[in-house]
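Subject: Structure handover

Hi,

Here is the structure I promised to pass on. Please open it first, then read my notes below.

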Amino acid sequence: MTTENVSPRPRIITSKDEFIGFKTDLHCHTSEASFCAKENAKDTVERYIAEGYSTIVITNHFATYQPKSDDYHQFVDWHFDAIEAAKEAADGRINILAGAEINVYDLPLDDFLAYGVTRELMHSMDDFFNLKVKHIRQTLCDNNCLLIKAHPMRHGQSMYPVEEIDGYELYNGYPYWKHLNPIAKEWIFAMGADKTILTAGTDHHNNEDPIKAGILTDVEIKTNEQLIDILKNRRYDIFYEE
């Protein structure tokens, strides 16, 4: 196994050899609550189990461009019901955690990954889509959650200021955007953003999407609280296969 950096963590592991550690995907969509996804929770879960993952963070789109009810609270329940569907399909064979890929009117072209979110927390922000990203981040911070800039070099997205975000998605495995990862990495390191929390995920949507990216940990991630602690304390490595 080869790594791009030996220490400190997170190391970036790109070898096609066997990855050592518990595998977690931090960016996954299912068709129950992401209009652009084509694979349902049951089939998605089976594919991740076959690939040897121990944990999936379901980050369905919580966004202005999602088809949604006029009732915000019904939309929240719809979002978290989809995560419950994934848990039911998993039946204890793989850990399913709740996340969200958010988008608001303040920055209509930008997406952010929220980790640690709960149904109750999202219900509490009943004017969510009209909130400023700065306010959303503060609310997440107050509730031991994280806000990460998703696929930062994707066309139309901005490189959100380092001091106003918890971190950046260093590697995004979606097939149409993978070629932009080296550009994102160059910017992240040039701006000193590598000192923030860096993440990786498959950005899974469809049954033909490769499931070959995420983070590696020494322990199995079973709860959102555990995930947040590991990310904040950089006790993980990033892995991906090209």
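**Strand β7 and its neighbours**

Phe112 has Lys149 of β7 as its bridge partner. Keep in mind that this is a predicted model. The pairing of β6 with β7 is antiparallel and runs over four bridges. On to β8 (residues 167-172): β7 pairs with this strand in the parallel sense, over two bridges. Here Lys149 turns up again, with Tyr168 in β8 as its bridge partner.

Is β7 covered on one face or both? Both faces are covered. Leu146 and Ile148 are buried on one side, Leu147 and Lys149 on the other. In a regular strand, side chains alternate between the two faces of the sheet.

Phe112 also takes part in a ring pair. Its ring centre is 5.2 Å from that of Tyr160 and the planes stand at 85 degrees, so this pair is edge-to-face. Phe112 sits in strand β6 and Tyr160 in the loop between β7 and β8, so the pair links parts 48 residues apart in sequence. Phe112 and Tyr160 are both buried.

Helix α4 covers residues 133-142, and its buried residues are Val133, Ile136, Thr139 and Leu140. Why do they share a side of α4? They span an arc of only 125 degrees around the axis, and that puts them on the same side. Lys134 and Asp142 are exposed on the other side of α4. The buried residues of α4 pack against β5 (95-102), β6 (112-115), α3 (119-124) and β7 (146-149). After α4 comes Asn144, with a positive phi near 55 degrees.

Helix α6 (residues 224-232) has Asn224, Leu227, Ile228, Ile230 and Leu231 buried. Viewed down the axis of α6, these fall within an arc of 165 degrees, so they line one face of the helix.

**Core and aromatics**

The largest nonpolar core has 71 residues, and Phe62 and Phe128 touch the most other members. Helix α2 (residues 72-90) supplies the largest share of this core, eight residues. Leaving aside residues up to four places away in sequence, Phe128 touches Phe62, Tyr72, Ile102, Val104, Met122 and Ile136.

How many aromatic pairs does the structure hold? There are 16. Phe62 and Phe129 form a stacked pair, 5.6 Å centre to centre with 20 degrees between the planes. Phe62 lies in strand β4 (residues 61-62) and Phe129 in the loop between α3 and α4, so this pair ties together parts 67 residues apart in sequence. Phe62 and Phe129 are both buried. One aromatic cluster is made up of Phe62, Tyr72, Phe75, Trp78, Phe128 and Phe129.

**Cysteines**

A search of the whole structure turned up zero disulfides. Take Cys28: the closest cysteine sulfur is in Cys36, 11 Å from its own, too far for a bond. Cys28 is buried, at 0% relative accessible area. For Cys141, the closest cysteine sulfur is that of Cys145, 9.2 Å away, again too far for a bond. Cys141 is partly exposed, with a relative accessible area of 46%.

Best wishes

How values were computed:
Residues are numbered from 1 along each chain as its sequence is written. This is a predicted model: local features need pLDDT of at least 70, side-chain atom pairs count only at pLDDT 80 or more; totals for chains, interfaces and linings use all residues. Side-chain values use heavy atoms; hydrogens and water are left out. Buried means under 20% relative accessible area, exposed over 50%, partly exposed in between (1.4 Å probe, protein chains only). The arc is that of the directions from the helix axis to the C-beta atoms. Contact means heavy atoms within 4.5 Å. Two strands pair if DSSP finds at least two bridges between them. A nonpolar core is a set of buried Ala, Val, Leu, Ile, Met, Phe, Trp, Tyr and Cys residues joined through side-chain atoms within 4.5 Å. A disulfide is a pair of cysteine sulfur atoms within 2.5 Å. Rings of Phe, Tyr and Trp (its six-membered ring) pair if their centres lie within 6.5 Å; planes under 30 degrees apart count as stacked, over 60 as edge-to-face and the rest as tilted.
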